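Welcome! Here is a short tour for anyone meeting this structure for the first time.

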Amino acid sequence: MYKIVSIPGDGIGPEVVAGAVAVLEQLSKKHGFEILIEEHPFGGASYELHGEMLTQATLDACRKCDAVLLGAVGGPKWESLPHEHKPEAALLKIRKELELFANLRPAKVYDALLDASSLKADVVRGTDFLVFRELTGGIYFGQPRGFDESRGWNTMVYERYEVERIARLAFEAARKRKGKVISIDKANVLEVSQFWRNVVHELHKEFADVELSDMYVDNAAMQIVRNPKQFDVIVTSNLFGDILSDIAGMITGSLGMLPSASIGTKHALYEPIHGSAPDIAGQNKANPIATIASVAMMFEHSFNLPDIAREIEQAIEATLASGLRTADIATNAGDPVISTTEMTEAIVRHLGA
Ligand code: IPM
Ligand code: MG
């Protein structure tokens, strides 16, 4: 039995999470395992109910389950709240509290969607890499931090164990992929990056079968756009990973398709990369594929059932190959556009009974 906490959240969150839940129910019927889904509020939805974006009850539930499935949080309604009450602060808090130190963001180009990329098809075809972004350290959390009338300051700091544990996951993942890790830093300027680089190279001695190289972050931003196929596994710090994973996601032309996993030693949270898209919320227009693909990552990383992960991915690919498109990925004029629920039903159908 798998116990999942679902956090639909705000905007299109509830619609895309409903799609993922339909897929979970179909898999449970098909394979005969039991899935228990418990819903909890988070973000704006929680603020409206309890005056807090993240309640202790939601946090406790996340600690007790096997995996968390998150839709999206935030929207214009909560943007003017003081900083500590904003959805962003709640996101950082849940990451820190659950110790989700590794954020995995795949950048994969689907052949069926080559035209949707802002880059030439020849440049992006076959792109398939995985970003390991450190998620609970670095400048996002370093002390001291603050600002006054005359200056503002943050601290980028990494402990050895923080670099080791994210680099270890990246090396292990590369072993199951093409065996190539690129560590991205700014070691030509920042001491914290020199330290990062040293620790990654020391750890590499345990992974001599994996190829390791380093790249400066500015060059990496350029290389991702110039020749994305050169990457297999990227490992990088919190802030650099935040920026690079947006570039990586965008070149695939399918932000509505990209899943993510945030993993720690004890807990894990899965969510689509796209945000809450308040402009199309409640209209049954959103693309549920990123959230459904996040469920595939859940089966792979939390339940250790990679075959089921492949099954979900194949159902998504077959659905796309059949020509079905939600509005965000309908690139050719005349493509018939289907709704969130229709896309969900098509994927469930392709999963079979
Ligand atoms: C992300 C987002 C968050 C981050 C924001 C919303 C706090 O950009 O998940 O990449 O910076 O980590
Ligand atoms: Mg970001």
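Glu99 is found in the loop between H4 and strand E4 (102-108), where helices (H or I, at least four residues) and strands (E, at least two) are DSSP runs numbered from the N terminus. The phi of Glu99 is positive, near 55 degrees. Most residues other than glycine have a negative phi, and most peptide bonds are trans. A cis bond joins Gln143 and Pro144, with omega about 0 degrees, and Pro144 lies in the loop between strand E5 (128-134) and strand E6 (146-147).

This is a predicted model: local features need pLDDT of at least 70, side-chain atom pairs count only at pLDDT 80 or more, and totals for chains, interfaces and linings use all residues. Residues are numbered from 1 along each chain as its sequence is written, chains are lettered from A and ligands numbered from 1 in the order written, and side-chain values use heavy atoms, leaving out hydrogens and water.

Now meet ligand 1. Around it are Glu88, Leu91, Arg95, Arg105, Arg133, Tyr140 and Asp242, each with a heavy atom within 4 Å of it. Helix H4 (residues 87-97) gives the largest share of this shell, three residues.

| Residue | Distance to an oxygen atom of ligand 1 |
|---|---|
| Arg95 | 2.7 Å |
| Arg105 | 2.9 Å |
| Tyr140 | 2.5 Å |

The protein covers 71% of the 320 Å² of accessible area that ligand 1 has on its own, by the Shrake-Rupley method with a 1.4 Å probe.

Conventions. Polar contact = N/O pair within 3.5 Å; in protein donor to acceptor, adjacent residues only side chain to side chain.
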